[in-house]
Amino acid sequence: MTAENLPPLDSAEILTARRELAACFRMAARLGMHEGICNHFSALVPGYTELFLVNPFGYAFSEITASSLLICDFEGNVVAGDGVPESTAFHIHAQLHKLKPHARVAFHTHMPYATAMALVEGEPLHYAGQTAARFFGRVAVDDDYNGLALDDSEGARIAGAIGEADIVFMRHHGVMVLADSIAKAWDDLYYLERACEVQVLAMSTGRRLLPIDPELARKTGEQIMSEAAEAAQLHLASVQRLLDREEADYSS
């Protein structure tokens with residue numbers, strides 16, 4: 001698409017993306033998947049390859065609206081919106097979108113159960129439950145924690161550690177979910193936290209986990225993911241219907 005043919009930044013498609021992303025922030029807040037004014041969700045602007053939507057620094061997830069989301073470029077300029085992104089949000093997400101073509105959407109949180117599994121030795125997911133199986137073969141672990149990502153080099157390093165994974169456990173830090181649509185990112189984020197919550201509860205009994213046979217876990221994951229695109233759209237639509245009834249300002 002040439003510069004002359006790029007859609008205006010207030011197009012219907014971009015407004016839809018704003019509303020979908022804002023809905024994800026609001027539901028994440030409801031489910032305790034946020035941490036203060038930290039954590040960040042981003043998505044490439046529809047029709048563009050070098051602009052992305054991201055939440056402004058200083059706002060809780062429960063405050064985000066469609067119109068409050070910023071549009072930034074990869075050089076750190078705010079192209080549309082009031083405010084600035086949190087510095088680590090820019091350095092991580094700009095590099096992910098720039099260097100990972102499959103990462104059209106990137107959700108980074110410190111949600112408690114998934115983050116807990118990034119803090120213990122060994123593989124974060126043990127694939128003992130059906131929900132976890134959807135992530136079989138889709139997970140990377142970034143073992144090289146380097147403190148806050150305050151420059152592009154750390155963002156690029158994280159991007160390199162991800163490879164082609166969709167789910168990244170960041171040691172001593174949190175998790176990152178990558179997808180090619182907002183709906184898919186939300187779906188994976190939600191089920192990742194649920195899988196980790198159940199695993200933590202099972203581990204808390206002190207009894208040995210019973211992982212699914214790896215070949216069966218792979219098969220089950222493929223079965224789940226074969227229907228994931230449609231299911232993700234339906235999942236996000238249900239979130240938006242609920243918010244339309246109870247927090248309609250999210251879409252403003």
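Trainee: How much space lies in the largest pocket?

Mentor: Keep in mind that this is a predicted model, so treat the figure as computed from that model. The space in the largest pocket comes to about 240 Å³.

Trainee: And which element gives the largest share of its lining?

Mentor: The lining has 22 residues, and His108, His110, Gly147, Leu148 and His173 lie nearest the centre. The elements that give two or more residues to it are helix 2 (87–99) and helix 5 (152–162). The largest share, three residues, comes from helix 5.

Trainee: Okay, on to helix 8. How far apart are its end C-alpha atoms?

Mentor: Helix 8 covers residues 228–246, which makes 19 residues. At 1.5 Å a residue, it should span 27 Å. The model agrees with that, since the end C-alpha atoms are 27 Å apart.

Trainee: Why do the buried residues of helix 8 end up on the same side?

Mentor: The buried ones are Ala228, Ala232, His235, Leu236, Val239, Gln240 and Leu243. They sit on the same side of helix 8 because they cover an arc around the axis of only 135°.

Trainee: Which helices do those buried residues pack against, and which exposed residues does the opposite face carry?

Mentor: Turned away from the buried side, the face of helix 8 carries the exposed residues Glu230, Leu234 and Arg245. The buried residues, for their part, pack against helix 1 (12–30), helix 6 (182–204) and helix 7 (214–226).

Definitions and conventions: Residues numbered from 1 in each chain as written. Predicted model: local features only at pLDDT ≥ 70, side-chain atom pairs only at ≥ 80, totals over all residues. Heavy atoms only, no water. 1 Å grid on protein atoms, 1.4 Å probe; cavity = no way out; pocket = protein on both sides within 12 Å on 5 of 7 lines; lining within 4 Å. Points joined across faces, edges and corners; volume = space filled by probe spheres on them. Helix = DSSP H or I, 4+ residues; strand = E, 2+ residues; numbered from the N terminus. Expected span 1.5 Å × (residues − 1). Buried < 20%, exposed > 50% of the residue type's maximum accessible area, 1.4 Å probe, protein only. Arc of directions from axis to C-beta. Contact = heavy atoms within 4.5 Å.
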